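Please read the points below with the model open.

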Amino acid sequence: MIFLSVFLSLVEPSVNTLLALLRNAPVVFVVMAFFIAWVVCWLPLAAISAFMLNWQINKPLQPEQKIPLLVSLYLLAPLILWGVNWLGVGSFADYGLVGNLSILVSLLLGVGLGVLGLGLVFSCQFWLGWCYLEKSNIKLIPGILLPISLVALFVGGIEELVFRGFLLTTLEKDYPIWLAAIISSLIFALLHLVWEQKETAPQLPGLWLMGMVLVVARIADGNNLGIAWGLHAGWIWAIATIDTAGLITYTGKVSEWVTGKNKKPLAGLAGVLCVLGTGVLLWFFVEIVLIRNYELFS
């Protein structure tokens with residue numbers, strides 16, 4: 001006990017100095033430290049997973065190999081953020097993750113808005129003859145509904161906590177909101193290249209726009225993550241369900257740059273317009289709220 005007391009007395013000043021430096025460090029340093037710590041902590045888990053999955057570096061990841069790697073990476077994110085919070089750099093509430101019923105209501109609203117938007121886009125494509133519905137595959141949906149829903153909520157929640165939560169909030173300390181939104185959305189888009197370069201590259205503009213719209217969703221939700229989380233999860237759920245069940249077959253009447261390169265909506269005009277339309281709708285909502293608040297307090 002004596003040795004422990006002596007040790008703590010020696011290291012305490014150094015720890016306090018380190019904490020003070022981190023709390024007052026430029027946001028770029030804080031952001032880099034977070035992502036480096038996240039990757040470094042994940043690498044041992046990734047190595048173990050890759051060994052168990054018999055994955056070879058010179059071969060592309062298969063879906064069954066990608067999921068365990070993705071889950072292990074994303075499970076670490078809240079723990080790393082908890083460490084960031086312990087250092088006094090921020091808190092989960094600051095990042096928009098609040099523990100009350102309102103976030104569940106916002107989450108459901110976001111999911112509904114995301115699914116409805118994609119439903120309208122595909123309905124238009126059906127009507128124009130650009131694709132058709134494989135009705136015989138609808139029976140596959142009940143069997144995949146629960147796992148895809150859980151994955152969509154999990155992935156959407158972690159990505160919103162990291163990118164529209166921690167990253168956006170941290171960048172706002174040194175930059176105006178519009179610049180923080182642009183930077184965080186760019187990082188969000190580029191990091192998707194880690195998993196699949198060939199299929200992701202055509203989606204980069206759409207992913208960046210998606211990030212910007214999700215920032216607007218957070219603003220529309222009073223700086224909480226509920227709507228953004230729901231939107232993100234709704235989009236993931238809809239696209240994953242369509243792909244897994246093979247619900248859509250494209251007719252080839254228009255270029256795939258319209259419907260989506262490699263069957264990825266964000267790599268085509270239709271998907272980009274869906275995201276853009278959602279963003280415009282949310283922006284009008286923000287404007288209405290701002291006008292009402294101005295009238296109340298003026």
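Leaving aside its neighbours within four places in sequence, which residues is Thr241 in contact with?

1. Thr241. The contacts of Thr241, beyond four places in sequence, are Ile141, Ile144, Ile148, Gly246 and Leu247, where contact means heavy atoms within 4.5 Å. Thr241 is found in helix H9; helices (H or I, at least four residues) and strands (E, at least two) are DSSP runs, numbered from the N terminus. Thr241 counts as buried because its relative accessibility is 5%; buried means under 20% relative accessible area, exposed over 50%, and partly exposed in between, with a 1.4 Å probe and protein chains only.

2. Basis of the values. This is a predicted model, in which local features need pLDDT of at least 70 and side-chain atom pairs count only at pLDDT 80 or more, while totals for chains, interfaces and linings use all residues. Residues are numbered from 1 along each chain as its sequence is written, and side-chain values use heavy atoms, with hydrogens and water left out.

3. Chain overview. The chain has 11 helices and two strands. In sequence order the pattern is α-α-α-α-β-α-α-α-α-α-β-α-α. The chain has 298 residues, and 40% of them count as buried. Of the contacts with a separation of 6 or more, 73% are between residues 24 or more positions apart.

4. Annotated spans. The unreviewed UniProt entry carries the annotation "transmembrane region" for residues 27-55, 67-89, 101-128, 140-163, 175-195, 207-229, 235-254 and 266-291. UniProt positions follow the numbering used here, feature names are shortened, and annotations may be inferred rather than shown by experiment. In the model, residues 67-89 are 87% helix and 0% strand, with the end C-alpha atoms 31 Å apart. Residues 235-254 are 55% helix and 15% strand, and there the end C-alpha atoms are 23 Å apart.

5. Helices H8 and H9. How do the axes of helix H8 (residues 204-220) and helix H9 (residues 226-245) cross? They come within 7 Å and cross at roughly 140°, the axes being lines fitted to C-alpha atoms, for helices over the stretch in contact, with angles from 0 to 180 degrees between N-to-C directions. H8 is therefore oblique to H9: angles under 35 degrees count as roughly parallel, over 145 as roughly antiparallel, 65 to 115 as roughly perpendicular, and the rest as oblique. H8 contributes Met210, Val213, Leu214, Ala217 and Arg218 to the contact, and H9 contributes Ile227, Ala228, Leu231, His232 and Trp235. These residues divide into eight nonpolar, one polar and one charged. In this scheme Ala, Val, Leu, Ile, Met, Phe, Trp, Tyr, Cys and Pro count as nonpolar, Asp, Glu, Lys and Arg as charged, and the others, Gly among them, as polar.

6. Phe122. Phe122 lies in helix H4 (residues 101-128) and is buried, with a relative accessible area of 7%. Phe122 and Ile248 are 126 residues apart in sequence, yet their C-alpha atoms are 9.0 Å apart.

7. Salt bridges. Side chains of opposite charge can pair when their charged atoms come close. A salt bridge is taken as a side-chain nitrogen of Lys or Arg within 4 Å of a carboxyl oxygen of Asp or Glu, and the count by this rule is three.

8. Arg164 and Glu160. These side chains meet in a salt bridge at 2.7 Å, N to O. About one helical turn separates Arg164 and Glu160, because they are four residues apart in helix H5 (residues 141-171). Arg164 is buried at 0% relative accessible area, and Glu160 is buried at 0% as well.

9. Glu199 and Lys264. The salt bridge between these side chains is 3.8 Å, N to O. It links distant parts of the chain, 65 residues apart: Glu199 is in helix H7 (residues 197-200), and Lys264 is in the loop between H10 and helix H11 (269-297). Glu199 is partly exposed at 29% relative accessibility, and Lys264 is partly exposed at 22%.

10. Glu256 and Lys261 form a salt bridge at 2.8 Å, N to O. Glu256 is partly exposed at 35%, and Lys261 is partly exposed at 23%. Val258 is in helix H10 (residues 256-259) and counts as partly exposed at 23% relative accessibility. Beyond four places in sequence, Val258 touches Trp130, Gly268, Leu269 and Ala270.
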